[in-house]
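Have the structure open while you read.

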Amino acid sequence: MIPHRFLVPHPRLPARVAASAVLALVCAAGAVRAQEPVDPFANPGAVTATPGQSGHGSRRDTSDAIQNRYRQILAAWAAGQTEKAAIDLMALESSVVRDDDSGSRKRILKAEEAVIHEIGAANLETLVPVAMLHHDVYRRYLQHGTKGHALLLIHARGMARDLAILYKEQSGSEGAALVSSRILTSLGGMLQQYAQQLPAAEMFYQAVTLDPRNTAAMMSLCIIYEKNSQYETAVEMLHKILALDPGYSEAQLRLALNQKRLGRTDEARKGLEQLAAAKEATWVTSLAAQELARLLSEKGSLAGAQKVLEAAIQRFPDEARLYVELAAVLDRKGEMRGAQAVMAKVLTLKPSTQDSSRLLYNTTRQETFAEARRFLDENARSRLSLLAEALSVPNHATIAADKVGS
Amino acid sequence: MRRLLLRNLACLAAGALLLAPAAARAAGVQIESPVEGATVFGKTEVKAQVFEGAEPVTRVEVYVNGKLVGTVAKPPYTLLFEAGDENIQRELKVVAYGASGVAGSATRVFKPLQIDDTMDLKLQQLFITVNRGQERALDLDQGDFRIADNGKQQQIVTFGKGELPLTAVLLLDTSESMQGERLQGVRRGATAFLQGMKPLDEAAVVMFSDRLLQLTPFSEDKSVLAHALATTQAAGGTAVNDFLYMSLKLLEPRLGRRVVVLLSDGDDVHSVVPMSEVLWKSRTGQAMIYWIQLEGGEKHHSFASAWRNAKDNDKEYDTLAKAVLESGGRIQRIDKVAEIESAFRGILQELREQYVIGYYPTDVRKDGRWHDVRVDVQRFGVRVRTRDGYVDF
């Protein structure tokens with residue numbers, strides 16, 4: 001049975017608080033403007049709902065119409081018509097929800113909730129594909145841009161998140177926790193992509209709570225900790241990640257750099273030396289060399305820094321930054337001519353076409369979430385038949401609409 | 001490298017010519033440039049004064065080592081020619097002709113450069129912008145200036161007004177945020193700067209983000225530089241410190257007037273070199289830094305990254321501003337892309353209107369200490385801007 005508290009704000013993460021936080025961020029960015037009455041997402045298939053519409057009967061009719069449309073959309077989703085279902089849901093929601101009408105979200109929420117209540121009661125597993133539909137719609141809203149769609153964004157994300165949490169709470173199984181955790185991880189990844197650090201952190205935190213082995217969420221959370229100068233917390237998280245995956249080189253690098261920031265330079269140096277000497281020449285290796293040289297330089301070992309950088313240039317001969325850093329070290333040593341010779345080599349380099357290691361370090365890359373999204377797709381697909389089955393049972397709204405029609 | 005050094009030494013010498021005592025006047029002809037003792041390499045400008053005698057001058061011919069390199073038919077008697085890169089003695093002869101034949105001539109001999117001697121040169125050059133209200137004060141003479149180095153008055157040995165050739169690095173932020181209209185604006189602005197360059201001026205174009213996207217060698221060839229501007233696309237983050245350090249290093253072996261024009265719409269995020277080291281590099285060199293801050297507004301916005309917290313980023317920003325102002329350059333904040341072009345033009349104009357003063361510091365110790373430089377102008381109501389000093393290195 002679906003509990004009465006369905007879609008009631010989660011005790012750890014009150015939906016309204018999260019929603020208002022996002023709205024505040026959007027407003028602060030100047031994204032919310034006075035809205036034109038015409039909704040850019042509207043299409044002929046949408047349900048029209050006028051804000052402030054009065055009369056008990058008309059509200060009921062509108063709610064039933066929304067429920068029917070929502071059922072059709074879910075049926076399309078269950079039939080594998082993913083593109084159509086997502087576009088239709090966007091049209092439906094955007095015909096109802098308007099940023100200048102704070103009550104408009106409640107209307108769509110109640111109608112969708114009613115449908116989900118019924119199909120969830122039929123089979124709890126249907127919540128997974130429904131969550132994924134809202135997850136997909138959220139991604140599409142983000143791609144369209146937040147301007148004028150703050151409530152829609154909040155609604156779509158809130159639906160995906162609350163369905164994930166509900167599914168886990170009702171199921172109680174370890175598998176449900178894995179699925180829910182990954183939905184939240186993916187949502188967090190999307191938030192981070194659009195520079196919404198705080199709501200992203202909340203998503204990742206919940207994802208880790210649901211699945212303490214979710215290293216993608218842990219690493220994403222760790223990057224946010226770093227950006228907020230919470231180095232001690234980041235180190236704790238990184239130790240946990242490395243306990244789960246000792247060969248995770250990016251985690252090793254972050255651990256060393258956070259140790260350095262905390263003044264634990266001996267530990268940091270040891271870690272960086274190992275990474276800089278690693279066989280594989282990746283961005284982590286290059287960055288470890290840069291930071292090791294920096295650490296040595298700060299400690300006064302300019303000769304040591306020079307040695308590290310010269311070795312790194314052998315491995316990464318096209319990285320201009322390594323030459324610049326080496327020139328700076330040589331300048332500090334008073335070897336101006338040597339520094340000039342290094343700079344002369346920079347003039348021979350080809351322009352770089354790849355993101356630098358330093359940019360990669362400062363970014364949560366979307367590849368981090370690829371595994372989570374693949375996992376979710378598979379899980380949602382395997383439950384589509386269950387959703388179709390649940391939708392085939394006649395429902396209250398359809399019966400009511402039929403009666404009105406007759 | 002040797003060629004670069006030689007060219008720059010020639011530039012330095014060219015700067016000195018402006019105050020050099022007049023050469024002995026040959027009958028009817030006086031060579032003004034290159035001055036006595038200058039080193040002649042590469043593209044060289046010859047300037048001559050011809051004093052007409054009984055008949056008008058019909059043409060002036062210029063010979064180098066007996067070979068005719070050009071003819072000028074009417075005043076001003078100025079000729080640009082390619083002297084070549086060989087480090088040899090050159091005899092320059094300027095011959096003026098009237099209707100009836102040779103009217104007068106002047107000859108000057110230029111010796112080969114003694115490279116080891118010139119490396120010890122410690123001439124401090126100051127590039128000084130003087131304003132009177134909103135206008136540039138262009139009517140000053142050497143006698144109007146007083147130079148104090150660590151409080152001690154210095155003897156001015158060279159004095160000029162802006163026409164000294166310049167070597168510029170156009171350091172252009174080409175990060176992702178610069179895509180589209182902004183990049184177009186940058187291209188237009190940088191092109192305007194390049195188009196305004198005069199013969200003997202040189203520039204390099206550096207386009208950067210979190211990585212090096214484009215780097216040209218120093219060149220007078222505007223088409224090479226324009227090609228680099230046109231073909232580079234914006235991508236990535238921002239690493240101002242690293243590439244400003246690189247630009248200052250590229251300018252280091254060059255002499256004469258050196259300038260970095262940095263255009264950026266953001267703060268440094270991804271550099272490995274801290275701004276404190278860039279400041280040190282700037283203090284040990286003589287390059288001026290101009291910073292065109294696109295949509296910078298009046299206030300810097302704090303931010304945190306995985307590399308630095310907000311406080312440290314603020315410090316980096318402040319140190320960059322300090323480096324710019326200490327170098328004798330300035331920060332120009334602009335709010336619209338359309339203003340980029342005029343910002344570049346304004347900087348070039350300012351460089352052309354600077355006074356160039358050289359002196360040999362009386363207290364050089366090579367001890368790495370800071371020398372405070374103060375320039376006073378003995379005129380009422382003028383504002384003077386030049387570098388704050390240098391590190392004795």
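How many of the eight residues of strand β16 (residues 257-264) of chain B are buried? Eight of its eight residues are, so to speak, under cover: the strand is mostly covered. A residue counts as buried if 20 or more other C-beta atoms lie within 10 Å of its own, as exposed if 12 or fewer do, and as partly exposed in between, with C-beta atoms placed from the backbone. Helices (H or I, at least four residues) and strands (E, at least two) are DSSP runs numbered from the N terminus.

Before going on, some housekeeping. Residues are numbered from 1 along each chain as its sequence is written, and chains are lettered from A and ligands numbered from 1 in the order in which they are written. The model is predicted, with local features needing pLDDT of at least 70 and side-chain atom pairs counting only at pLDDT 80 or more, while totals for chains, interfaces and linings use all residues.

**Around β16(B)**

In a regular strand the side chains alternate between the two faces of the sheet. From β16(B), Arg257(B), Val259(B), Val261(B) and Leu263(B) point one way, and Arg258(B), Val260(B), Leu262(B) and Ser264(B) the other way; all are buried.

Two strands pair if DSSP finds at least two bridges between them. The antiparallel pair β3(B) and β6(B) is listed as well.

| Strand pair | Sense | Bridges |
|---|---|---|
| β13 (166-173) and β16, chain B | parallel | seven bridges |
| β16 and β17 (288-294), chain B | parallel | six bridges |
| β3 (57-64) and β6 (90-98), chain B | antiparallel | seven bridges |

For the residue-level view, Leu170(B) has Val261(B) as its bridge partner in β16(B), and Leu263(B) has Ile292(B) as its bridge partner in β17(B). β16(B), α6(B) and β17(B) form a right-handed β-α-β unit; right-handed here says that, with the strands pointing away from the viewer, the path from the first strand over the helix to the second runs clockwise.

Val260(B) is worth a click. Leaving out residues up to four places away in sequence, Val260(B) touches Val169(B), Leu171(B), Leu244(B), Ser247(B), Leu248(B), Leu251(B), Ala287(B) and Ile289(B). Touching, or contact, is when the C-beta atoms of two residues, placed from the backbone, lie within 7 Å.

**The cores**

A nonpolar core is a set of buried Ala, Val, Leu, Ile, Met, Phe, Trp, Tyr and Cys residues joined through C-beta atoms within 7 Å. The largest one has 188 residues, and Leu170(B), Val206(B), Val260(B) and Val261(B) touch the most other members. Helix α6 (residues 150-171) of chain A gives the most to this core, 13 residues. Apart from it lies another core of 21 residues, including Ile31(B), Val64(B), Leu92(B) and Ala96(B).

Val64(B) also stands opposite Leu92(B) in β6(B). Strands β3 and β6 belong to an open sheet of four strands in chain B, in the order β4-β3-β6-β7, with antiparallel pairing. At the edges stand β4 (67-72) and β7 (101-110) of chain B, each with a single partner strand, so one side of each has no neighbour in the sheet.

**Chain by chain**

What is the secondary structure of chain A? Chain A has 20 helices and zero strands, whereas chain B comes to eight helices and 22 strands. Buried residues make up 47% of the 406 residues in chain A and 46% of the 393 residues of chain B. Of the contacts in chain A with a separation of 6 or more, 63% are between residues 24 or more positions apart. In chain B, 75% of the contacts between residues at least 6 apart join residues at least 24 apart.

Two residues of chain A make a handy pair to look at. Arg157(A), in helix α6 of chain A, counts as buried because it has 27 C-beta neighbours inside 10 Å. Arg157(A) touches Tyr138(A) and Leu187(A), not counting residues up to four places away in sequence. Asp377(A), in helix α18 (residues 370-382) of chain A, counts as exposed because it has 12 C-beta neighbours inside 10 Å.

**Where the chains meet**

The contact takes 29 residues from chain B and 29 residues from chain A. On the chain B side, α5(B) gives the largest share, five residues.
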